[in-house]
Amino acid sequence: MDKLFDNHIPCLVNRVINEYSHLAWGNRGTLPVDVNEAEKVAKHILYIIREKDNEHYCALCDSIKVDPNIDLE
């Protein structure tokens, strides 16, 4: 993540990564995920990958049969 975000991971991205990646922290595994927040973070990460490594982004899109020109807004 540091490489994608030039050593400055946005707060929202960092929070979602840390809070939702470890089910061992309290009741996190049993609480519902904020879908809108997770979607916003996922789109932001995909946007950065597309900007910094378009070849990788296109390969990812191809592997899941998604148009790489899809709007990430």
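This is a predicted model: local features need pLDDT of at least 70, side-chain atom pairs count only at pLDDT 80 or more; totals for chains, interfaces and linings use all residues.
View 1. The secondary structure consists of three helices and zero strands, and reading along the sequence gives the pattern α-α-α. The accessible surface comes to about 5600 Å², and carbon and sulfur atoms account for 55% of that surface. Now think about contacts between residues at least 6 apart in sequence: 44% of them join residues at least 24 apart.

**View 2. The largest nonpolar core.** Let us step inside. The largest nonpolar core has 10 residues in all: F5, V13, V16, V41, I45, I48, I49, Y57, C61 and L72. Which elements give two or more residues to this core? They are α1 (11-20), α2 and α3. Helix α2 provides the largest share, with four residues.

**View 3. F5 and its contacts.** Here we zoom in on F5, one of the residues of the largest nonpolar core. Setting aside the neighbours within four places in sequence, which residues does F5 contact? The list is P10, V13, H44, I45, I48 and K52.

**View 4. Where helix α2 meets helix α3.** Helix α2 spans residues 35-52 and helix α3 spans residues 54-63. Their axes come within 5 Å and cross at roughly 125°, and the two helices are therefore oblique to each other. On the α2 side, the contact is made by L46, I49, R50 and K52. On the α3 side, look for N54, H56, Y57 and L60. Sorted by type, the residues of this contact are four nonpolar, two polar and two charged.

**View 5. R50, a buried residue of α2.** Is R50 buried or exposed? R50, which lies in helix α2, has a relative accessibility of 18% and so counts as buried, since the cut-off is under 20%. Leaving out neighbours within four places in sequence, R50 contacts Y57, P68, I70 and L72. Take P68 as an example: R50 and P68 are 18 residues apart in sequence, and their C-alpha atoms are 8.6 Å apart in space.

View 6. What is the phi of K65? It is positive, about 60°, although K65 is not a glycine. For background, most residues other than glycine have a negative phi.

Conventions: Residues are numbered from 1 along each chain as its sequence is written. Side-chain values use heavy atoms; hydrogens and water are left out. Axes are lines fitted to C-alpha atoms, for helices over the stretch in contact, and angles run from 0 to 180 degrees between N-to-C directions. Angles under 35 degrees count as roughly parallel, over 145 as roughly antiparallel, 65 to 115 as roughly perpendicular and the rest as oblique. Contact means heavy atoms within 4.5 Å. Ala, Val, Leu, Ile, Met, Phe, Trp, Tyr, Cys and Pro count as nonpolar, Asp, Glu, Lys and Arg as charged, and the others, Gly among them, as polar. Accessible areas come from the Shrake-Rupley method with a 1.4 Å probe; for residues, only the protein chains shown count as cover. A nonpolar core is a set of buried Ala, Val, Leu, Ile, Met, Phe, Trp, Tyr and Cys residues joined through side-chain atoms within 4.5 Å. Buried means under 20% relative accessible area, exposed over 50%, partly exposed in between (1.4 Å probe, protein chains only).
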